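Please keep the sequence and the model at hand while reading.

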Amino acid sequence: REGNDKEGLGGMRKSLVVEQLKGIATSDGFASSVIADFPRKVRKVVKPYRGLENDIHGDFGHTGVVYREPGPVAREVNCPDWCRLEDSLKQARNEVVGERKWGAQGQQHGTVPGKWRRVPREMWALRPVHVPEEDQMSVQAPTLAHGLDRVLRFPGRVFPLVGGGSRGGKVYFDRFLMRIPNPDEIQWDAIPPFVSAAQDPMLDNLSRTIYQNEESTPNLYISSTSSSTSALTMIYHVVSRYRELSMEGLSPWCVGESSSFTRQVYRPISLLVRRKSEKRFVFEVDKGPVASTILMELGHSMERMLTFSPKQFRERYLRGPQWRPSSPENQVFNYTQIGQFLLRAQIDCRDPETGDYFDLKTRGVAPIRWDVDNYENHLGYHITKSKGKLGSFEREFYDMLRSSLIKYNFQVRIGRMAGVFITFHNTRLIFGFEYLTKAEMDRYLFGNSDFGDFAFDKSLKLLAEVFNGATATFPEAEAIKILVRTRVRYFLFDRSLIAGFLANSSYPKNPGKVWMS
């Protein structure tokens with residue numbers, strides 16, 4: 001839990017006891033034979049998973065569950081208060097008087113001039129950059145399988161995979177989705193690895209073409225969505241003066257919770273800017289060695305699980321006698337030039353009816369995200385209701401709103417996509433699906449899409465100013481490392497404290513083997 005939340009660990013423990021999840025299971029599905037290999041002591045506690053309880057009327061497997069009602073869209077025509085510059089400039093002039101001293105002992109390490117200039121008000125256009133015909137591949141972005149395209153027709157509603165509660169559990173989509181294959185079951189050689197922006201030959205060729213055609217371009221900065229969104233998020237917090245999020249339409253329990261971003265969103269990031277030529281640079285987030293987690297691995301395999309038929313998925317991606325060698329998988333990208341930036345976005349999926357592109361996101365439930373190293377201890381945590389502080393889709397949306405939705409939004413804008421398709425799971429079971437449009441994300445994050453466009457545009461321009469200043473200061477450098485941070489204090493969680501908190505929750509731990517018939 002974050003320190004700025006009004007309810008601490010003690011209160012959360014009490015809430016967990018009060019809101020004990022009923023009918024919690026540790027099975028893949030609701031097969032009666034699921035508890036065959038469970039220890040005798042656990043068999044008396046664990047019940048088969050029955051899916052989402054009937055907390056609303058109607059067959060919500062076909063039209064979805066409405067668990068939030070967004071408020072009206074902000075109607076202001078002019079720039080909102082949080083992005084006006086007059087107050088910020090006045091405050092900055094008070095802080096910067098010719099020179100500014102840095103350091104605890106008052107030692108002067110550098111100076112900041114007391115001169116300011118405005119960011120141009122005209123918006124940078126998002127210009128699609130088309131791949132040359134000789135380099136184009138006759139491949140399109142995949143479409144959703146298993147009847148999941150029904151979710152796209154009802155944005156903002158969650159579609160449970162299993163429903164019916166005490167009636168016995170009804171499966172609303174293909175039963176193939178009821179069990180998520182473990183990472184050791186996946187043929188990882190069949191999934192292409194991630195190619196960074198610095199190693200992407202197509203991105204390099206396109207940047208050369210743009211530079212040749214537009215000699216007046218001062219500098220061109222090349223990157224992918226994963227790196228650019230991290231930097232843009234940091235700058236947005238400063239531009240918006242750490243604006244809080246909208247909680248309209250959510251349950252009253254959210255009123256007592258924090259409406260700001262999680263502290264992890266404010267963590268400092270390190271950017272590595274490498275020179276490719278005189279005026280072409282590629283930048284990436286310098287994360288150092290990154291250990292793979294269960295959520296990162298399942299994110300790659302579940303994307304294929306959602307877009308391939310059961311037979312195709314087993315033959316192409318599952319280890320075993322049914323596996324068949326296949327041709328290399330072709331990935332689809334969108335390339336966009338925005339001012340001084342050339343950005344690449346991977347296209348995960350498309351809507352066959354509208355032709356719109358959208359992103360696929362897999363979202364682990366709360367306890368697994370909090371304690372991912374010990375995820376097996378929390379397989380008993382299930383989503384069993386639409387609203388509520390725990391075990392609900394509303395809880396997952398609330399956490400996503402505070403932590404990841406700002407990056408999702410920027411990724412959608414860079415890739416010229418329509419929204420994101422979210423899959424909620426606990427690494428063993430899929431609980432439901434939801435499609436979020438860019439307009440709805442804008443409403444919760446910025447107020448409306450106009451404000452979102454303004455924030456995105458100004459954040460990009462300020463990031464370009466940072467790069468322009470760095471490259472001008474070190475004109476001969478082959479690589480420049482830039483640390484970006486905010487004024488919000490960032491701290492890491494003590495995992496032992498989180499483990500102790502999760503140990504007092506009310507769902508079964510270490511359930512043993514998981515089977516389904």
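## Charges over rings

A charge is said to sit over a ring if NZ of Lys or CZ of Arg is within 6 Å of the ring centre and within 35 degrees of the ring normal. By that criterion the charged end of K458 sits over the ring of F454, 4.4 Å from its centre, and R68 lies over the face of F397, at 4.0 Å from the ring centre.

## Basis of the model

The model is predicted, and local features need pLDDT of at least 70, side-chain atom pairs count only at pLDDT 80 or more, while totals for chains, interfaces and linings use all residues. Residues are numbered from 1 along each chain as its sequence is written, and side-chain values use heavy atoms, with hydrogens and water left out.

## Overall make-up

The protein comes to 15 helices and 14 strands, where helices (H or I, at least four residues) and strands (E, at least two) are DSSP runs numbered from the N terminus. Of its 517 residues, 51% count as buried; buried means under 20% relative accessible area, exposed over 50%, and partly exposed in between, with a 1.4 Å probe and protein chains only.

## Nonpolar cores

A nonpolar core is a set of buried Ala, Val, Leu, Ile, Met, Phe, Trp, Tyr and Cys residues joined through side-chain atoms within 4.5 Å. The largest one has 104 residues, and those with the most contacts inside it are L177, F421 and F433. Helix 14 (residues 449–473) supplies the largest share of this core, 8 residues. Apart from it lies another core, of 11 residues, among them V129, A197, Y335 and L342.

With contact taken as heavy atoms within 4.5 Å, and leaving out residues up to four places away in sequence, F421 touches L144, L148, F358 and F433, among others.

## Aromatic pairs

Rings of Phe, Tyr and Trp (its six-membered ring) pair if their centres lie within 6.5 Å; planes under 30 degrees apart count as stacked, over 60 as edge-to-face and the rest as tilted. The structure holds 26 such pairs. The rings of F283 and F467 have centres 4.8 Å apart and planes at 50 degrees, so this pair is tilted. The pair links distant parts of the chain, F283 in strand 7 (residues 280–285) and F467 in helix 14, 184 residues apart. F283 is buried at a relative accessible area of 1%, and F467 is buried at 1% as well.

F333 and Y335 form a tilted pair, 6.3 Å centre to centre with 45 degrees between the planes. Here F333 is partly exposed at 24%, whereas Y335 is buried at 6%.
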